[in-house]
Amino acid sequence: MAVTERVAEAETLLLVGEACTGLGEGAGFTQLEWVRREFLVKLGFEPYPGTFNLHMSGPDWEAARRVMARETGIVIAPEAGFCAAKCFLVVVGGRITGAVVFPEVPGYPADKFEVVSAVPVRQALGVGDGDSVAVSVVC
């Protein structure tokens, strides 16, 4: 299926999450050469070092998780010794584009929404921990 066909059939999920500080592991991961290459080829951008994290909850989030679980998404193929991930294109705060990344690892928190973008999302939007942030997810 061509990318334009996939976009034409896409469903957009509108969600609101609470900005939160992550574990600090995103910066190292997003700077690995194979990760940078996968994001550039499959998502069209080189990731800024780090991720923007949202805590998600509630019935809208549970419904969105079910939709994303059944969708293929954009697969980030790992190098040996790393885990694969599934991504979906997102718009954060109505103006920052990127991708939400769901690493395929046991125990990954069900309430975590981790965004990779070409820019530092937190700084670009001027948000702090606890601020509500709207996101649109393209499935």
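## Arg36 and helix α3

The side chain of Arg36 makes a polar contact with the side chain of Gln31, at 2.9 Å. This is a predicted model. Arg36 sits in helix α3, which spans residues 33–43.

Which residues touch Arg36, once neighbours within four places in sequence are set aside? They are Thr30, Gln31, Glu46 and Pro47.

## Burial and the end of α3

Arg36 is one of the buried residues of α3. Just after the helix comes Gly44, with a positive phi of about 85 degrees.

## Thr12 in strand β1

Thr12 belongs to strand β1, residues 12–20. Is Thr12 buried or partly exposed? Its relative accessible area is 49%, so Thr12 counts as partly exposed, because the exposed class begins over 50%.

Beyond four places in sequence, Thr12 is in contact with Ser136, Val137 and Val138. Leu89 lies 77 residues from Thr12 in sequence. In space, the C-alpha atoms of Thr12 and Leu89 are 9.7 Å apart.

## Confidence

The protein averages a pLDDT of 88. A score of at least 70 is reached by 89% of the residues.

Residues 1–7 stay under 50 in pLDDT. For this segment, the model has four contacts beyond four places in sequence. Where pLDDT is low, predicted coordinates should not be read in detail.

Key: Residues numbered from 1 in each chain as written. Predicted model: local features only at pLDDT ≥ 70, side-chain atom pairs only at ≥ 80, totals over all residues. Heavy atoms only, no water. Helix = DSSP H or I, 4+ residues; strand = E, 2+ residues; numbered from the N terminus. Buried < 20%, exposed > 50% of the residue type's maximum accessible area, 1.4 Å probe, protein only. Contact = heavy atoms within 4.5 Å. pLDDT = per-residue confidence, 0-100. Polar contact = N/O pair within 3.5 Å; in protein donor to acceptor, adjacent residues only side chain to side chain.
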